[in-house]
Amino acid sequence: ATNCLDLKELHLTNCTALTSDGLKDIAENCTDLQTLHLSYAKRFKDEDVQIIAQQFDSIQRVLYKKRLEHLGFSMCRNISDEGIISIGYHLKNLLSIDLCGAWELSDQGISCLVESCQQLRSIDVSGCWELTDKSLKAIADNCLRLETLNLGGCGCVSDSGIALIAVGCKHVKQLGLSACIGITDNGFQVITDNCYNLLSLDLSGSHN
């Protein structure tokens with residue numbers, strides 16, 4: 001943190017002993033940091049996420065327009081709506097967020113996040129099986145520049161929600177719908193009728 005001041009990316013996957021205290025100096029000194037991934041950080045809870053969000057929203061960063069743009073909490077299963085809402089409040093300039101496997105996340109958390117972070121280009125909520133079409137409506141209403149959306153394993157989303165994404169997010173290039181058992185031929189038809197920029201589509205395990 002004190003010697004690598006030009007650091008732009010930091011990946012701390014599977015650093016199980018890491019706590020939010022360990023990132024304080026990083027946030028204060030590495031003002032050019034744009035990407036932070038904390039996958040499998042088993043100790044991280046909502047209060048840790050709140051601390052991180054606050055640290056990376058410091059006055060120093062605001063003054064110098066140095067904003068965190070890419071944030072990952074993949075498989076951090078103790079994080080719920082409370083932590084995600086704090087991310088939306090403090091880190092409004094996020095371009096991508098990875099919440100894969102955040103089991104406790106609900107429609108409320110996603111809705112609050114995307115209402116604040118409307119510049120998001122990439123959202124990964126695969127494995128967040130409590131999410132419904134309410135989340136997809138919030139994404140479609142707020143993330144008009146979205147290019148990548150992974151909903152793998154979100155079995156509660158339906159054709160109606162996918163239709164909202166297909167119509168509202170015209171720039172989507174990558175769409176992950178693996179194991180989305182609520183998607184049928186009707187949802188697939190809406191995708192093919194509206195997602196003209198689509199480059200990648202994952203329908204693995206979508207039995208309907």
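## Briefing: a parallel sheet and its helices

Leaving aside neighbours within four places in sequence, T35 is in contact with K8, E9, L10, H11, L68 and H70. T35 is found in strand β2, which covers residues 35-37. The model is a predicted one.

- The model contains an open sheet of 8 strands, paired in parallel and ordered β1-β2-β3-β4-β5-β6-β7-β8.
- Its edge strands are β1 (9-11) and β8 (200-202), each of which pairs on one side only.
- From one strand to the next, the twist averages 5°.
- Strands of a sheet pair through backbone hydrogen bonds, and the pairing can be parallel or antiparallel.
- Strand β7 (residues 174-176) is joined to β8 by 3 bridges, and the two run parallel.
- G176 has D202, in β8, as its bridge partner.

**Helices α4 and α5**

- The axes of helix α4 (residues 81-90) and helix α5 (residues 107-116) come within 8 Å and cross at roughly 5°.
- Because angles under 35 degrees count as roughly parallel, α4 is roughly parallel to α5.
- On the α4 side the contact involves D81, I84, I85, I87, G88 and Y89, which meet Q108, G109, C112, L113 and S116 in α5.
- Sorted by class, this contact of α4 with α5 has 6 nonpolar, 4 polar and 1 charged residues.
- An α-helix has 3.6 residues a turn, so residues three or four places apart point the same way.

**Burial of α4**

- Helix α4 is largely enclosed by the rest of the structure, because 7 of its 10 residues are buried.
- The buried residues of α4 are D81, G83, I84, S86, I87, G88 and H90.
- These buried residues pack against α2, β3 (70-72), β4 (96-98) and α5.

**Helices α7 and α8**

- Helix α7 (residues 159-168) packs with helix α8 (residues 185-194) at an angle of about 5°, and their axes are 9 Å apart.
- That angle makes α7 roughly parallel to α8.
- D159, I162, A163, A166 and V167 of α7 make the contact with N186, G187, V190, I191 and N194 of α8.
- By class, the contact of α7 with α8 has 6 nonpolar, 3 polar and 1 charged residues.

**The aromatic pair**

- The structure holds 1 aromatic pair.
- The rings of W103 and W129 have centres 5.2 Å apart and planes at 25°, so the pair is stacked.
- The pair links distant parts of the chain, 26 residues apart. W103 lies in the loop between β4 and α5, and W129 in the loop between β5 (122-124) and α6 (133-142).
- W103 counts as partly exposed, at 32% relative accessibility.
- W129 is also partly exposed, with a relative accessible area of 44%.

**Q54 in helix α2**

- Q54 has its place in helix α2, which covers residues 46-55.
- At 46% relative accessibility, Q54 counts as partly exposed.
- Q54 and L36 are 18 residues apart in sequence, and in space they are 14 Å apart, C-alpha to C-alpha.

Conventions. Residues are numbered from 1 along each chain as its sequence is written. This is a predicted model: local features need pLDDT of at least 70, side-chain atom pairs count only at pLDDT 80 or more; totals for chains, interfaces and linings use all residues. Side-chain values use heavy atoms; hydrogens and water are left out. Two strands pair if DSSP finds at least two bridges between them. Helices (H or I, at least four residues) and strands (E, at least two) are DSSP runs, numbered from the N terminus. Axes are lines fitted to C-alpha atoms, for helices over the stretch in contact, and angles run from 0 to 180 degrees between N-to-C directions. Angles under 35 degrees count as roughly parallel, over 145 as roughly antiparallel, 65 to 115 as roughly perpendicular and the rest as oblique. Contact means heavy atoms within 4.5 Å. Ala, Val, Leu, Ile, Met, Phe, Trp, Tyr, Cys and Pro count as nonpolar, Asp, Glu, Lys and Arg as charged, and the others, Gly among them, as polar. Buried means under 20% relative accessible area, exposed over 50%, partly exposed in between (1.4 Å probe, protein chains only). Rings of Phe, Tyr and Trp (its six-membered ring) pair if their centres lie within 6.5 Å; planes under 30 degrees apart count as stacked, over 60 as edge-to-face and the rest as tilted.
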